[in-house]
Number of protein chains: 2
Amino acid sequence: MTQPSEFTPACPLPLTDSPQILLAHGGGGRLMHQLLERLVFPAFRNPLLESRHDGAIFDIGGVRLAFTTDGYVVHPLRFPGGDIGTLAVNGTVNDLAMCGARPRHLSASFILEEGLPLETFQAILASMRRSAEAAGVEIVTGDTKVVDRGKGDGLFVTTAGIGVLEHRLAIAPDRVRPGDAVLLSGDLGRHGVAIMAVREGLAFETPVESDCAPLWEPVAALLAAGLEIHCLRDLTRGGLSSALVEIAGSAKVSLRIQEAAVPVSEAVQGACELLGFDPLYVANEGRFVCFLPAAQAPHALEVLRAYPVSKESTAIGEVRETEPGQVTLTSRIGATRIVDMLSGEQLPRIC
Amino acid sequence: MTQPSEFTPACPLPLTDSPQILLAHGGGGRLMHQLLERLVFPAFRNPLLESRHDGAIFDIGGVRLAFTTDGYVVHPLRFPGGDIGTLAVNGTVNDLAMCGARPRHLSASFILEEGLPLETFQAILASMRRSAEAAGVEIVTGDTKVVDRGKGDGLFVTTAGIGVLEHRLAIAPDRVRPGDAVLLSGDLGRHGVAIMAVREGLAFETPVESDCAPLWEPVAALLAAGLEIHCLRDLTRGGLSSALVEIAGSAKVSLRIQEAAVPVSEAVQGACELLGFDPLYVANEGRFVCFLPAAQAPHALEVLRAYPVSKESTAIGEVRETEPGQVTLTSRIGATRIVDMLSGEQLPRIC
């Protein structure tokens, strides 16, 4: 029998003036960052968690494994280009890929709300299966819980994943070095705009579909090509900007990004203007950045462009030693602005 | 870009007359069993999932790993003997232990409801940390999502876990053999009664605390003693009865249980009578059954009784070849009844 837990806080209460969880705490921006830095990391203090990577990397019996998890609460459950099932599989597959790990086994845990149509659940399961097959992973263990009506929202999915590192590279945010190039695997903003459009009932001339897709193939090809990858990061909640600011902070370097080099489709650009969003902050589910020595960038781009999911890969900037932690964006006309993390809430429940 | 998913069901719609999820689909009994058998397993069809074990066991690079996940939606978040954090850690630790695997690394994924007091979240984190330390595991990766007010219930936690099998035994439900003894690690019903009591505002003369506790230590000792363990199963949702019925079905054997041998404390017995529950169906979070050849039972009991968590271990029955799938309970006066899975909902959101 265990003792009743004492509920003594692990550290003094921090954060905003709010003593409560805000939607923005889930947004992938500054508030979420603070929540993790001040509440979660101190509570679980251990070096793996503190590597601020997309997953934990460790050795078991001489095998290097990556382990990651993500909860999915996207609303609505289905959207152009995917559904909560495709997200839940690809999101975890991609977190493993960003660790440089071959995704192998996934778990799936469901929190169902009383009253959810069985047909909806079945359809999401089928969608997860198709996504798992496409990504070359197996869903091997799972769980279902049911909560009473009004205490959930249809269906939440949490996946965890195990991958194997088949190389000896150390791929992590703090490995980024001055002189690295910043590569981006494709155009930005499709996922966030697709969700927003369906949520707001907007119809665009050119419909925008989520970019939700597995990213292991192009990553595997980069590794197979023997390129010296320093860091990989997929651009989910908080978008490109939040990812870059986090990496610049971890690596204590500055990043200079050329705005004109960042691909954004006309449809996404138009939708963002309409909705008042900056595509640099909008969530993606099939895009990543890659940091590696600038001299290897042309080879890496050639490798990436051979895969449909990363065929629009391009170099968008460089890593410098000065002004550690700073990310600057140079506009088409040469003006420079400092890029910050997303602050406040932009698109709640985007994934 | 992926195609929009087609939402074509993987198999015809089944189950009860209800086309919707019912609370009972989460109860650990017959309806949950049907949901898994007819919806989830067919969708993800693979041998690991179909082993109906507490986790998946597979080999990576010559290392045998176990992988498991569980979502926790217990209400209320805190109860005598634990909280959602202790459950989330011990539950996953125990699922790994039931695979015969040494629990190593845990992930933790949180779905927070807007408005949750930060202090509550912080307290749960601290509780998880203490539980992880006590169980000898590390929480190495995680995720937080926030849902809008009224779309969650304070806090849901999903943990996944990786463990290592350091032996070559095959421990699984379908390994149970005629001639095995059925050992039970302690008294039944504490967890369910503790939750129910706090939920209903009942005060018992002797307060009942949840039995929530990590079970790896006694399991490790059984393995270290070289005992030929056939199956281990912790007795969570659905209680002892549902676990036994599931195992009897998997192994195609019958189980004969002596009712008088099953320990139930006076306080739990009294509470169950008051609430109209049968302790055999009430959830536990620190109890398990062990199947092994009857000749090894005395040695196994000696090993188990050396640990506080399993000091009341006892032999409760035997495995026979006749009437495959049947579980019978022999009462103190010699009457025999057939035990079935929990049907309908007994205690929603017990874990």
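Modeller: Let us begin with a definition: axes are lines fitted to C-alpha atoms, for helices over the stretch in contact, and angles run from 0 to 180 degrees between N-to-C directions. Please keep in mind that this is a predicted model.

Colleague: What, in general, describes two packed helices?

Modeller: Two packed helices are described by the angle between their axes and by the distance between the axes. Here, helix 1 (residues 30-44) of chain A and helix 4 (residues 118-135) of chain B have axes that come within 8 Å and cross at roughly 25°. Angles under 35 degrees count as roughly parallel, so helix 1 of chain A is roughly parallel to helix 4 of chain B.

Colleague: Which residues make the contact of these two helices?

Modeller: From helix 1 of chain A, the contact is made by Leu35(A), Leu39(A), Val40(A), Pro42(A), Ala43(A) and Phe44(A). Helix 4 of chain B contributes Leu118(B), Phe121(B), Gln122(B), Leu125(B), Met128(B) and Arg129(B). As to spacing, an α-helix has 3.6 residues a turn, so residues three or four places apart point the same way.

Colleague: Let us turn to single helices. How many residues of helix 7 of chain A are buried?

Modeller: Burial here means under 20% relative accessible area. Helix 7 of chain A is mostly covered, with 10 of its 13 residues buried. The buried residues are Gly239(A), Leu240(A), Ser241(A), Ser242(A), Ala243(A), Leu244(A), Val245(A), Ile247(A), Ala248(A) and Ala251(A). As for its length, helix 7 (residues 239-251) reaches 19 Å from its first C-alpha to its last, close to the 18 Å expected at 1.5 Å a residue. Just after this helix, Lys252(A) takes a positive phi of about 55°.

Colleague: Is helix 6 of chain A largely enclosed or largely open, and what covers its buried residues?

Modeller: Helix 6 (residues 216-224) of chain A is largely enclosed by the rest of the structure, because 7 of its 9 residues are buried. These are Trp216(A), Pro218(A), Val219(A), Ala220(A), Ala221(A), Leu222(A) and Leu223(A). Their cover includes helix 3 (84-98), strand 5 (102-113), strand 9 (231-234), strand 11 (288-293) and helix 9 (297-304) of chain A. After helix 6 of chain A comes Gly226(A), with a positive phi near 75°.

Colleague: Where are positive phi values found in residues other than glycine?

Modeller: Besides Lys252(A), Arg349(A) has a positive phi of about 50° although it is not a glycine. Arg349(A) lies in the segment after strand 14 (336-339) of chain A and counts as buried at 8% relative accessibility. In chain B, phi of Arg349(B) is near 55°. Arg349(B) lies in the segment after strand 14 (336-339) of chain B and is buried, with a relative accessible area of 8%.

Colleague: Which residues are joined by a cis peptide bond?

Modeller: In chain A, the peptide bond from His75(A) to Pro76(A) is cis, with omega near 0°. Pro76(A) lies in the loop between strand 2 (63-72) and strand 3 (78-79) of chain A. In chain B, a cis peptide bond joins His75(B) and Pro76(B), with omega about 0°; Pro76(B) is in the loop between strand 2 (63-72) and strand 3 of chain B.

Colleague: Finally, is Arg287(B) buried or exposed, and what does Arg287(B) touch?

Modeller: Arg287(B) is found in the loop between helix 8 (266-275) and strand 11 (288-293) of chain B. Its relative accessible area is 9%, so Arg287(B) is buried. Leaving out residues up to four places away in sequence, Arg287(B) touches residues including Asp187(B), Asp211(B) and Asp234(B). The C-alpha atoms of Arg287(B) and Ser310(B), 23 residues apart along the chain, are separated by 7.7 Å.

How values were computed
Residues numbered from 1 in each chain as written. Chains lettered and ligands numbered in written order. Predicted model: local features only at pLDDT ≥ 70, side-chain atom pairs only at ≥ 80, totals over all residues. Heavy atoms only, no water. Helix = DSSP H or I, 4+ residues; strand = E, 2+ residues; numbered from the N terminus. Expected span 1.5 Å × (residues − 1). Buried < 20%, exposed > 50% of the residue type's maximum accessible area, 1.4 Å probe, protein only. Parallel < 35°, antiparallel > 145°, perpendicular 65-115°, else oblique. Contact = heavy atoms within 4.5 Å.
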